[in-house]
Amino acid sequence: MKSLRILLVEDETLIAMLLTELLEGLGHRVGEIESTQSGAVRAAARERPDLMIIDAHLREGSGVAAVQEILRGGFVPHIFISGDPLRDRVLHRSAIVMEKPFDDTDLLAAIDRAMAAG
């Protein structure tokens, strides 16, 4: 798989750091780390990422709402990470949902599925 520019949206600093380390260890580049809905939307417009990995539930806003807004400008493959299955949310048909906790094998499979959907 080619190296991807990834926008990471996560409001838990430790999780964001661990994900960044894991993604960069896999050869990808985490362009920006955002922790709010509005920050995610601005960063996506600025960075034009190849992939977004987004916590569905943020302290300020919603990761799901951020993705809905970002996708109005064109499709970007994305993976939601969440502590719950998000069954009650309307998601883009190509959305990949990964439930916490997960390991690097789960993340690799989710990235492969997200990129194949895009």
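Partly exposed, for a residue on this tour, means a relative accessible area between the limits for buried, under 20%, and exposed, over 50%. The model in the viewer is predicted.

**Lys100 and its surroundings**

Select Lys100 first. Its relative accessibility is 30%, so Lys100 counts as partly exposed. The side chain of Lys100 forms a salt bridge with that of Asp55, at 3.6 Å from N to O.

Now step to Pro101, in the loop between strand S5 (96-99) and helix H4 (104-117). Look at the peptide bond that leads from Lys100 to Pro101: it is cis, with omega near -5 degrees. Most peptide bonds are trans.

**Between H2 and S3**

Select Arg48, which sits in the loop between H2 and S3. Its phi is near 50 degrees, a positive value in a residue other than glycine. Arg48 has 61% relative accessibility and so counts as exposed.

Next, pick Asp50 and Arg5, whose side chains meet in a salt bridge of 3.5 Å, N to O. Asp50 lies in the loop between H2 and S3 and Arg5 in strand S1, 45 residues apart. Asp50, at 16% relative accessibility, counts as buried, while Arg5, at 32%, counts as partly exposed.

How many salt bridges does the structure hold? There are 5. Select Arg59 and Glu12 to see another one, where the closest N and O atoms are 3.1 Å apart. Arg59 is in the loop between S3 and H3, and Glu12 is in the loop between S1 and helix H1 (13-25), 47 residues away. Arg59 counts as exposed at 61% relative accessibility; Glu12 is partly exposed at 37%.

**The cores**

Which residues have the most contacts inside the largest nonpolar core? Select Leu7, Val9, Met52, Ile54, Val67, Ile70 and Phe80; the core has 18 residues. Strand S1 (5-9), helix H2 (37-47), strand S3 (51-55) and helix H3 (63-71) each give two or more residues to this core. H3 gives the most, with 5 residues.

Apart from this core lies another, of 17 residues, including Ile79, Ile81, Ile96 and Ala114.

To end, centre the view on Val9. Leaving out residues up to four places away in sequence, Val9 touches Glu34, Thr36, Ala40, Ile53, Ile54, Asp55 and Leu58.

Notes. Residues numbered from 1 in each chain as written. Predicted model: local features only at pLDDT ≥ 70, side-chain atom pairs only at ≥ 80, totals over all residues. Heavy atoms only, no water. Core = buried A, V, L, I, M, F, W, Y, C linked by side-chain atoms within 4.5 Å. Buried < 20%, exposed > 50% of the residue type's maximum accessible area, 1.4 Å probe, protein only. Helix = DSSP H or I, 4+ residues; strand = E, 2+ residues; numbered from the N terminus. Contact = heavy atoms within 4.5 Å. Salt bridge = Lys/Arg side-chain N within 4 Å of Asp/Glu carboxyl O.
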